[in-house]
Amino acid sequence: MKFKLGIFFLALALSNNVSAQNISVQVLSAVEKDKVISNAEVMIQRNGESSTKSLTNNQGRTTINSGFPDDSNTLLIIKKDNYSSLVVKCPCNDMTYALSPYMKNLDGMRIVLNWGKYPSDLDSHLTFPGNHIFFQRKEGSLANLDVDDTDSYGPETITIENKRFGETYHYFVHDFSNKDNLNSNELSASDAKVFVYVGQSLVKTYYMPKNKTGNVWNLFKINENGEIIDINTVISKTTQDVGINYGDNDVEEQVYVSNEDKKRAMQLNRKGDLAYQNKDINTALEFYKQAIEYYPTFGQAYGNLGLMYIKKGYKAEAIYANRKAITYASGNSINTTKASAYYNIAKIFENENDFEEALNYYKLVKELKENTVYDNAIIRVKGKMQ
């Protein structure tokens with residue numbers, strides 16, 4: 001019996017070694033074409049356990065013997081001073097990833113596209129009134145295509161320096177390699193990922209939907225009040241239609257969350273509350289982030305996350321989180337929740353002396369609830385604008 005058990009455990013160990021593999025990546029700058037990032041710290045993590053850390057060389061490359069399989073249960077983590085940390089689900093081997101330098105503007109955003117070897121040419125597009133940012137028009141009104149890539153992997157990067165209040169923005173990816181093939185499935189098989197950054201943080205990652213037909217990945221829009229509305233569908237467009245006919249017919253992505261995941265999220269949210277009560281801001285922030293991972297439309301967790309960002313001085317991230325709290329507000333107190341979040345956003349802009357933007361958001365607060373505090377805020381800001 002002992003002999004058979006020994007054989008069993010030996011076979012299991014060999015099986016694990018076979019499934020584990022070396023993972024090689026290259027790290028580039030998200031905003032400078034072909035600029036490699038040396039001495040970036042790279043780590044692989046799975047089920048809370050981490051590999052040894054490795055640093056990228058002068059070509060921005062490193063190989064890690066992680067001991068973990070290269071699959072969707074494994075995370076790649078890349079860190080570098082003055083760059084936003086990147087966390088992404090694998091498969092990761094032989095991929096290129098890009099780091100985003102910290103952004104300084106309160107209402108800026110950076111959108112970074114990476115993909116696999118095929119198709120060779122994916123294009124980022126950003127449309128908003130009077131502007132269509134893509135490879136043929138790289139500069140627009142406070143928005144630019146920083147990096148264009150035509151030979152696989154990416155990155156392809158669009159930066160919004162400052163979003164304009166009252167205007168809708170729309171971001172999508174076009175499979176230029178299959179621009180004339182409306183029935184192609186190469187885009188869906190591309191392992192494309194889109195990373196969204198605000199301030200110092202990666203706030204959202206989109207993963208390409210699998211087994212879909214189409215040559216356009218329709219990801220998200222930013223509405224007039226700055227809220228990101230997820231769409232995340234693959235559709236087909238002729239070359240002539242790319243960049244037009246978006247907006248009114250977009251359907252917000254419906255995210256299914258099991259009751260079990262909702263319970264986990266609420267437990268994590270409560271753990272975040274306890275950590276905050278104990279004045280452990282960093283731990284609270286991580287618990288709220290984890291709650292959102294399980295329950296992506298958990299408005300209360302976003303509101304709590306926004307408060308933690310404010311406590312840490314991460315103002316751009318706080319604006320983002322409060323906007324998500326507004327998007328996902330629900331229940332009998334929906335107007336109170338939205339008003340509170342808009343007020344938080346307005347206060348951030350006011351404290352940064354952006355009085356015009358602060359006034360815009362104080363007015364949104366007043367549309368939802370009557371309160372002398374809101375009236376006084378509007379009067380105060382108008383006085384500062386004179």
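Is Gln386 buried or exposed? Gln386 counts as exposed, at 84% relative accessibility. The structure is a predicted model.

**Helices 6, 7 and 8**

- Helix 6 spans residues 334-351 and helix 7 spans residues 355-368, while helix 8 covers residues 372-385.
- The axes of helix 6 and helix 7 cross at roughly 165° and come within 8 Å. Because angles over 145 degrees count as roughly antiparallel, helix 6 and helix 7 are roughly antiparallel to each other.
- The crossing of helix 6 past helix 7 is left-handed. Helix 6 contributes Asn335, Lys338, Ala339, Tyr342, Tyr343, Ile345, Ala346, Lys347, Phe349 and Glu350 to this contact, and helix 7 contributes Phe355, Glu357, Ala358, Tyr361, Tyr362, Leu364, Val365 and Leu368.
- For helix 7 and helix 8, the axes come within 9 Å and the crossing angle is roughly 160°. Helix 7 is therefore roughly antiparallel to helix 8.
- Helix 7 and helix 8 also cross in a left-handed sense. On the helix 7 side the contact residues include Phe355, Leu359, Tyr362 and Val365, and on the helix 8 side they include Tyr374, Ile378, Val381 and Met385.
- Helix 6 and helix 8 have axes 12 Å apart and pack at an angle of about 25°. That angle makes helix 6 roughly parallel to helix 8.
- Helix 6 passes helix 8 with a left-handed crossing. Ala339, Tyr343, Lys347 and Glu350 of helix 6 make this contact with Val373, Tyr374, Arg380, Val381 and Lys384 of helix 8.

**Aromatic pairs and cluster**

- The model has 13 aromatic pairs. One of them is formed by Tyr342 and Tyr361, with ring centres 6.0 Å apart and 40° between the planes, which is a tilted arrangement.
- This pair links distant parts of the chain, with Tyr342 in helix 6 and Tyr361 in helix 7, 19 residues apart.
- Tyr342 counts as buried because its relative accessibility is 5%. Tyr361 is also buried, at 1% relative accessibility.
- Tyr342 and Tyr361 belong to one aromatic cluster together with Phe165 and Phe349.

**Lysines over tyrosine rings**

- Lys89 places its charged end over the ring of Tyr207, at 5.3 Å from the ring centre.
- Lys204 lies over the face of Tyr206, and the distance to the ring centre is 5.0 Å.

**Surroundings of Ile228**

- Ile228 is in strand 19, which runs over residues 228-235. With a relative accessible area of 4%, Ile228 is buried.
- Apart from neighbours within four places in sequence, Ile228 is in contact with Met109, Tyr206, Phe220, Lys221, Ile222, Tyr320, Lys324 and Thr327.
- Lys324 is 96 residues from Ile228 along the chain, and their C-alpha atoms are separated by 7.2 Å.

**Backbone features**

- Most residues other than glycine have a negative phi, and most peptide bonds are trans. The residues below depart from one or the other pattern.
- Cys90 and Pro91 are joined by a cis peptide bond, with omega about 15°. Pro91 is in the loop between strand 7 (86-89) and strand 8 (95-99).
- Asp94 lies in the loop between strand 7 and strand 8 as well. Asp94 is not a glycine, yet its phi is positive, at about 65°. Asp94 counts as exposed, at 52% relative accessibility.
- A cis peptide bond also joins Tyr118 and Pro119, with omega about -10°. Pro119 sits in the loop between strand 9 (109-114) and strand 10 (122-128).
- Asn211, again not a glycine, has a positive phi of about 55°. Asn211 is located in the loop between strand 17 (201-207) and strand 18 (216-222), and is exposed, with a relative accessible area of 79%.

**The end of helix 8 and beyond**

- Gln386 lies in the segment after helix 8.
- Gln386 and Thr213 are 55 Å apart in space, C-alpha to C-alpha, and 173 residues apart in sequence.

Key: Residues are numbered from 1 along each chain as its sequence is written. This is a predicted model: local features need pLDDT of at least 70, side-chain atom pairs count only at pLDDT 80 or more; totals for chains, interfaces and linings use all residues. Side-chain values use heavy atoms; hydrogens and water are left out. Rings of Phe, Tyr and Trp (its six-membered ring) pair if their centres lie within 6.5 Å; planes under 30 degrees apart count as stacked, over 60 as edge-to-face and the rest as tilted. Helices (H or I, at least four residues) and strands (E, at least two) are DSSP runs, numbered from the N terminus. Buried means under 20% relative accessible area, exposed over 50%, partly exposed in between (1.4 Å probe, protein chains only). A charge sits over a ring if NZ of Lys or CZ of Arg is within 6 Å of the ring centre and within 35 degrees of the ring normal. Axes are lines fitted to C-alpha atoms, for helices over the stretch in contact, and angles run from 0 to 180 degrees between N-to-C directions. Angles under 35 degrees count as roughly parallel, over 145 as roughly antiparallel, 65 to 115 as roughly perpendicular and the rest as oblique. A crossing is left-handed if the near helix is turned anticlockwise from the far one by less than a right angle, and right-handed if clockwise. Contact means heavy atoms within 4.5 Å.
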